[in-house]
Structure formats: C-alpha cells, structure tokens
Amino acid sequence: PGSLPLKPGMNRFVWDFRLKGATKVPGAVFWFAWGEVAPKAVPGEYSAVLEFNGETITRDFTLRKDPRLNLSDRDYREQFDLLQKITDKLSQTHQTVNAIRDLRIQIKSLTDRMGTEEAGEVRERAAGIQEELTAIEEMLIQTKARVTQDLLNYPIRLNNKLAALAMVVSGNECAPTRQSLRVFESLRERVDVQMNRFRQ
C-alpha cells in the first residue's frame with residue numbers, strides 16, 4: 001500500500017491499514033466526507049516486503065481484530081467489500097470528470113486554431129458538445145465550490161454522496177446496513193447513467 005522515501009538515514013512508513021484510495025479530482029471540495037476514500041484491510045495474515053539494491057526482505061505479520069468489538073470475519077469482509085465498491089465507483093466518477101475537463105481543453109484548443117471560414121459549423125457542433133459535457137460534469141461533481149463552506153449554497157453532487165457514504169460505512173464498527181447497501185445501489189445507477197451519457 002505504500003513505499004518508503006529514498007533519503008539518507010532512518011526511513012519509516014506507517015500503514016494506516018487502508019488500501020489504494022479513489023482517483024482524485026484536483027481542487028475537489030467535499031462536505032461531510034473525506035477526500036481520501038479507501039477500504040481498510042480486514043484482519044488476517046499479511047506480508048511486508050522491502051526491496052533495495054536487488055535484495056528483498058519479507059516479514060509476515062498478523063492484523064488482529066479489535067478485541068473490544070464483537071465483529072465476525074463476515075462482518076469485516078462485508079464492510080470491506082462495500083467500501084471497495086464505493087472506492088471503485090468514486091474512482092470511475094472522478095476519472096470521468098477528469099476526462100471531461102481534458103476533453104474540454106482539447107475542444108477549445110482545436111476551435112481556437114481554426115480560421116473563420118471553416119469554423120462556423122465546427123464551432124457550433126463543439127459548443128453543443130461542450131454544453132452536454134458541462135451538464136454531465138455538473139451531475140457528477142459540484143463545479144462551483146472552491147471551499148467547503150461554498151457547499152452551504154451549492155448542493156453536493158454524486159461524488160460527494162459516494163464519499164459521504166464511505167465515511168458512514170467505515171465509521172461504524174459493524175457490517176453495512178441494508179440502508180447503506182441500498183444507497184450505494186441508487187448512487188451507482190445514477191453515476192452509470194452519466195458515464196453512459198459521456199461515452200455516447
């Protein structure tokens with residue numbers, strides 16, 4: 001899940017028990033959610049591997065359950081599975097937003113280079129595409145927010161709802177509730193609609 005910095009002296013990596021997080025959107029703002037969405041490793045057997053100068057050192061270790069909690073292996077696994085699904089769907093959402101923003105730059109660059117004679121029809125079609133891209137983007141992410149307090153005035157979008165759901169699921173020491181599972185399915189379907197619009 002991580003690597004040590006390459007600098008002289010003692011180097012240390014502290015694992016927070018989380019796996020790879022969701023893809024990010026530069027400058028994205030969240031309300032009641034962490035920008036970092038990633039599932040936590042379930043209790044079990046793991047290995048730490050250190051590779052340096054062609055040499056590999058491996059140490060096995062056990063990630064134990066919190067003895068204060070009455071959670072079964074199944075509870076841990078169900079929580080992990082849902083968090084992984086949320087992380088994957090948030091990554092897809094953010095990848096789509098990043099692709100939209102990149103495409104918008106490409107379209108603008110192309111139309112800016114065109115002469116006036118050839119530009120008429122192309123500019124008109126490009127404007128229609130830009131309008132559709134903006135509509136999709138604004139369903140996936142709140143584009144007007146620059147700081148958290150902006151979200152008091154502008155409603156959160158699908159990416160923030162996924163991130164908030166991840167916080168709810170990971171913040172409870174239990175298997176996901178039926179409500180959390182249903183909310184995820186609803187958000188997944190709504191994100192997929194926008195992703196399909198983008199692909200078309």
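F61 is partly exposed, at 30% relative accessible area (partly exposed lies between buried, under 20%, and exposed, over 50%, with a 1.4 Å probe and protein chains only). F61 and Y46 make an aromatic pair of the stacked kind, with 6.0 Å centre to centre and 25° between the planes. For rings of Phe, Tyr and Trp (its six-membered ring), a pair needs centres within 6.5 Å; planes under 30 degrees apart are stacked, over 60 edge-to-face, and the rest tilted.

Y46 lies in strand β1 and F61 in strand β2, so this pair ties together parts 15 residues apart in sequence. Strands (E, at least two residues) are DSSP runs numbered from the N terminus. Y46 is also partly exposed, with 24% relative accessible area.

W15 counts as buried, at 18% relative accessibility. Put together, W15, F17, Y46 and F61 form one aromatic cluster.

## About the model

This is a predicted model: local features need pLDDT of at least 70, side-chain atom pairs count only at pLDDT 80 or more, and totals for chains, interfaces and linings use all residues. Residues are numbered from 1 along each chain as its sequence is written, and side-chain values use heavy atoms, leaving out hydrogens and water.

Methods. Helices (H or I, at least four residues) and strands (E, at least two) are DSSP runs, numbered from the N terminus.
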